[in-house]
Amino acid sequence: MAAHEILAATNAVVTLDVALPGIVWPWLVTVNMWAKSIGTGVIFMLFMLLRLYPEQAGKLRFPTTVVSIIFIHIFLLFTLADLHQPFRMWHIFFYPHVTSAITVGAWMATAFVGLLFLLAFLSFIKKDDAAFDKTLTWVTILAIPVTLYTAALMSQSTARELWQMPTESAQMIFAALLSGSAFMILMSGSKLNYEAKKTLGVVLGLSAFMSFVLYMSEYIFGPMKAEEIAAVLEYIKGDGPYTVMFWLGQWTAYLLPMLLIVLSRASKSESILKLAAILALAGLWLVKHVWLMIPQLLPMS
Amino acid sequence: MQLGFLVDLHLCMGCKGCEIACKVENEVPLSTWRLRVKYVDVGSFPETRRTFTPLRCNHCENAPCERICPVSALHYLENGIVNIDKERCIGCAGCVMACPYGAIYIDPQTQTADKCTYCAHRVASSMMPACVVACPVQANIFGDLEDPMSNISKYIEKNQGNVQVRKPEKGTNPHHYYVGGGNVTLNPLASARLEGHSLFTKITTLPVGGHH
């Protein structure tokens, strides 16, 4: 029975409920997720490029490490800014609760940052490519759970039915691949030839396609499974408060980049590929923001 | 010992005495509530009635807030109460996102999570929670669920078949029960929230810091 049918049947109206404030994870958390996607995504891309195009990708070792360090620090900064007691952050390390994805994520992110600085040392000061590549393998492996832990955290948010673990983890990985490939297209400049950039375009296009398929699957089939999901998705349907932002995000992050990548391959245009990358990065923020906000609008009482 | 709560909704008359007693006892700041009473109007005029549902932390056996808390600020006491250590809380709001009952909030004064503790400080001194004492019709029944002779155990025994919990599908195993509850009182999605139908039309909330 759909939510509106239940409402018609009960004929009940809430006349007093001093509900607690709804949005507790604001846009700061969107930036957190967006920046982390780029921070780990570029590492995935560097790992791939060093295997497919070792000659050209060699020049990207240090710049990619720097980009990853910057975006992981943006992620950490916004994580800290979102805390109501940021000066107690150290409690996570001294009073850890290991069932929490936040705790495990904080530890992994810390180890990840340490390894990124090691990569920077190996590429910039020691200039040891062999040691860099060996370390990069471990950094890439660690980047997977660092990417995924936010999905575990969203899954542990029992109150928010929309965030299911298998879907969220797939979305997180695709977001990292999308933003990583997009950022690499933009930052590689003349260091990569068109063939290498075309490969990045394929990664971008496929991850955009898979993300779009996942969102549409949830959009269409989610309401058939759970009353709460149906109610949450009403916020992005019809006159819902996030309908425009949701579709703007889907077009900007996924549909337009997919079309532009096809176009760039047909016309062998790097400019179109770069436009696709810019749109994907901007759209990803919108998509993530909508998905973060809408479950928080649902009354819990 | 496993402490639990039961509210007999047949008895509750929506006086909000429990709400005020809780506010005073726990010094709950303006715009936040550890315990609140929800009013839902049912039916069409002239066949209408008003239902009252006191809502507080459910002190779940499988508490999502305890699981998600990164620093064990939310923790179980030996008597089953899910307690909070405000000195340890880092204010990540993970518990607020995890609680399916919307029972946790960020205290605007301390900038930490807060919720009903079944008045753990009073219980430690062998006193009843403030809301139980304040209820004029004894709709709030509090006691040890593991003691078959306790009031709450006897009440549950007497009302078998009519005892419910909120959102059982979440698998949280709440230690907070309702007698005489129904879809309208316990399911937030079963009632419409229409603009202009609220008894309080201008509810303001205090900022809880930063951009939140």
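This is a predicted model: local features need pLDDT of at least 70, side-chain atom pairs count only at pLDDT 80 or more; totals for chains, interfaces and linings use all residues.
**Helix α2 of chain A**

Begin by selecting residues 27–52 of chain A, which form helix α2. With 26 residues at 1.5 Å a residue, this helix should span 38 Å, and the 37 Å between its end C-alpha atoms agrees with that expectation. Next, display the surroundings of the helix. Of the 26 residues of α2(A), 22 are buried, so the helix is largely enclosed by the rest of the structure. A residue is counted as buried here if 20 or more other C-beta atoms lie within 10 Å of its own.

**The four-stranded sheet of chain B**

Move to chain B and select strands β8, β1, β10 and β9, which form an open sheet in that order, with mixed pairing. The edges are β8 (140–144) and β9, each of which pairs on one side only.

On one side, five bridges join β1(B) to β8(B), and the two run antiparallel. Select Leu6(B) to view both pairings together: its bridge partner in β8(B) is Ile141(B), while Tyr177(B) stands opposite Leu6(B) in β10(B).

Continue to β9 (residues 163–164) of chain B, which pairs with β10(B) over two bridges in the antiparallel sense. Val163(B) and Val179(B) stand opposite each other in this pair.

**Where the chains meet**

Finally, show both chains and select the residues in contact: 44 from chain A and 57 from chain B. On the chain A side, α1 (3–10), β1 (12–16), α5 (91–94), α6 (101–125) and α10 (227–233) each supply at least two residues. The largest share, five residues, comes from β1(A). Colouring this side of chain A by residue class gives 25 nonpolar, 14 polar and five charged residues.

Which strand of chain B does β1(A) join? The strand to select is β2 (residues 36–44) of chain B, which is joined to β1(A) by four bridges and runs antiparallel to it. End the tour at Leu16(A), whose bridge partner in β2(B) is Tyr39(B).

Terms used: Residues are numbered from 1 along each chain as its sequence is written. Chains are lettered from A and ligands numbered from 1 in the order in which they are written. The expected span of a helix is 1.5 Å times one less than its number of residues. A residue is buried if 20 or more other C-beta atoms lie within 10 Å of its own, exposed if 12 or fewer, and partly exposed in between; C-beta atoms are placed from the backbone. Two strands pair if DSSP finds at least two bridges between them. Two residues are in contact if their C-beta atoms, placed from the backbone, lie within 7 Å. Ala, Val, Leu, Ile, Met, Phe, Trp, Tyr, Cys and Pro count as nonpolar, Asp, Glu, Lys and Arg as charged, and the others, Gly among them, as polar.
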